[in-house]
Amino acid sequence: MAKKKVFVSFDYDHDKRYKFLLEEWNANPNFDFVFDDKTPREINTSNIDRIKAGITIKIKDATYSLFIVGKYANQLHKDNRLIGYKNWMNFEAYQSIQNNNKLAVVKLDKSNTVPEELTESSYWHILVFTEDNIIDVLNKA
């Protein structure tokens with residue numbers, strides 16, 4: 001099975017454990033989950049323009065964007081004016097749409113709202129973070 005090129009968007013401060021779980025599933029030969037992770041590792045700079053450029057390159061290298069939507073997916077970021085969007089997830093949603101990536105969403109709770117930039121777009125979503133559900137939503141996207 002060819003690995004899907006997936007950019008994973010998530011709130012690093014609150015939901016990084018889910019991203020790390022995806023990486024563990026990918027590395028474990030006993031799991032069916034495979035993906036070519038296009039998410040940037042930590043970008044070691046406070047320069048917003050450099051961060052935006054690094055993220056944009058990774059999104060352009062992906063064909064899928066998977067959004068892990070936690071409670072803070074639409075929380076206003078302190079640098080929102082410099083980012084140009086409410087927060088990084090909304091920036092990543094906009095860039096993913098511009099790149100024509102296939103969009104998939106996993107809500108960590110049914111009450112969580114998707115990044116505002118996704119509300120006018122077509123995307124597949126699921127409500128429970130499991131290996132089978134992630135595979136399913138990426139296959140449907």
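This is a predicted model: local features need pLDDT of at least 70, side-chain atom pairs count only at pLDDT 80 or more; totals for chains, interfaces and linings use all residues.
Axes are lines fitted to C-alpha atoms, for helices over the stretch in contact, and angles run from 0 to 180 degrees between N-to-C directions. Helices (H or I, at least four residues) and strands (E, at least two) are DSSP runs, numbered from the N terminus.

Residues are numbered from 1 along each chain as its sequence is written, and side-chain values use heavy atoms, with hydrogens and water left out.

OK, the sheet. It's open, with five strands in the order S2-S1-S3-S4-S5 and parallel pairing, where two strands pair if DSSP finds at least two bridges between them. S2 (35–37) and S5 sit at the edges, each pairing on one side only. From one strand to the next, the twist averages 30°.

Going through some of the pairs: S1 and S2 are joined by three bridges, and Lys4 has Phe35 in S2 as its bridge partner. S3 and S4 share six bridges, with Ile68 opposite Val106 in S4. Lying across S1, S3, S4 and S5 is helix H5 (residues 131–140), which runs at about 170° to S5.

Next, H4. How many of the 11 residues of helix H4 are buried? Eight of them, so this helix is largely enclosed by the rest of the structure; buried means under 20% relative accessible area, exposed over 50%, partly exposed in between (1.4 Å probe, protein chains only). Those buried residues pack against S1, H2, S3, H3 and S4. S4 is mostly covered too, with five of its six residues buried.

At the start of H4, a side-chain oxygen of Asn87 comes within 3.1 Å of the backbone nitrogen of Met89. After the helix you get Asn100, with a positive phi near 60°.

On the H2 side, the contact includes Ile48, Ile51, Ile55 and Ile59, and on the H4 side Trp88, Phe91 and Gln95 are among the residues involved.

Technical notes
Contact means heavy atoms within 4.5 Å. A polar contact is a pair of N or O atoms within 3.5 Å; within protein, one must be able to donate a hydrogen and the other to accept it, and residues adjacent in sequence count only if both atoms are side-chain atoms.
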